[in-house]
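Subject: Structure handover

Hi,

Here is the structure I promised to pass on.

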Amino acid sequence: MIGGKMIKRTFDIIVSTIGLLLAVPLLAYMALRIKFDSRGPVLYRGERVGKHGRTFRIYKFRTMVVDAERLGASSTAADDPRITRCGAWLRQYKLDELPQLINVLLGDMSLVGPRPQVGWAVAQYTAEERKLLNVRPGITDEASIAFRHEAEILRGSSDPDKTYLELIAPEKIRLGLHYVEHHNLWNDIWILAKTIVCMFAEPESLSSTTSRPLPEPTHG
C-alpha cells in the first residue's frame, strides 16, 4: 500500500509538472481573457476540505463575478447570473480547473480522486462517506466524468444546493467511495484519458453517455 501511494504521488508530481510547463501559453492566454472580461482577480481561491479533513485553498480560474460566494449558492447552475462571459467559455471545456495542477504539486490534491467539497457538504457526511477523506481529492474522477454537465442538471433550480444534494451528491459519493476502495495507477491513467476526451466531446455526446439515470428529486 505504501509503495502504491509513493507511485501515485510520483506520478502526480511528474504529470502535473509537465502539464503546467506545456500549458504556460494557454494559461497566459486564459488569464488575459479573464482580466479583460470582468473586474476582479484572475484566480479563485476557495476553501475546500482535503485528505483527513484538512482544509486548503483550491486554485481555479475565476469564472464568476467578484464575491460570488456571498451572492448565491455553492452549487452553480448553467444559467447562474454570476457566471461571466469568459467564465461560461472556461466552464464549457473545464479549463477553469487547470490551475489545480498547482494544488497537485503542493500535495493538496491528486490528479485523480473524489472532488474536494466545501465544509458544509462534508459536515453532512455519514461515517461511511467520510472514507472519501482517506485519499487526496482529485482534479477528476469517474463522478466528474459522469456529471460533467452537472450545471445543466441544476439549470432552472430555485435552490441549486438542495438540488445538488438530492440529484447529484448520492451518486457522486457512491462513485467516490468505489474509487477509494479500488484505485490504482492504471485506473488513474484510464480516467485521465477519458477526461481529456470528454473535455472536447460535443455536448450531445456528453448527455448521451451519462452513467445512469438520475433519481427523482424529493420535495419538502
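Starting with the inside: the largest nonpolar core has 24 residues, and Leu90 and Leu111 have the most contacts inside it. By nonpolar core I mean a set of buried Ala, Val, Leu, Ile, Met, Phe, Trp, Tyr and Cys residues joined through side-chain atoms within 4.5 Å. Two or more residues each come from H1, S2, H3, helix H4 (100-106), strand S3 (110-112) and helix H9 (185-199), with H1 giving the most, at 6 residues. Helices (H or I, at least four residues) and strands (E, at least two) are DSSP runs, numbered from the N terminus.

Before going further, some housekeeping. This is a predicted model, where local features need pLDDT of at least 70 and side-chain atom pairs count only at pLDDT 80 or more, while totals for chains, interfaces and linings use all residues. Residues are numbered from 1 along each chain as its sequence is written, and side-chain values use heavy atoms, with hydrogens and water left out.

Next, the aromatics. There is 1 aromatic pair in the structure: tyrosine 29 and tryptophan 89, edge-to-face, at 6.4 Å centre to centre with 90° between the planes. (Rings of Phe, Tyr and Trp, the last by its six-membered ring, pair if their centres lie within 6.5 Å; planes under 30 degrees apart are stacked, over 60 edge-to-face, the rest tilted.) It ties together distant parts of the chain, 60 residues apart, with tyrosine 29 in helix H1 (residues 2-37) and tryptophan 89 in helix H3 (residues 85-92). Tyrosine 29 is partly exposed at 42% relative accessibility, and tryptophan 89 is partly exposed too, at 24%. (Buried is under 20% relative accessible area, exposed over 50%, partly exposed in between, with a 1.4 Å probe and protein chains only.) Arginine 33 lies over the face of tryptophan 89, 4.4 Å from the ring centre; the test is NZ of Lys or CZ of Arg within 6 Å of the ring centre and within 35 degrees of the ring normal.

On to the hairpin. Strands S1 (residues 43-49) and S2 (residues 55-61) run antiparallel, joined by 7 bridges; pairing takes at least two DSSP bridges. Leucine 43 stands opposite phenylalanine 61 in S2. The hairpin has 5 residues between the strands, and histidine 52 takes a positive phi near 60°.

Last, leucine 133: it is in the loop between helix H5 (119-122) and strand S4 (138-140), and counts as buried because its relative accessibility is 7%.

Cheers
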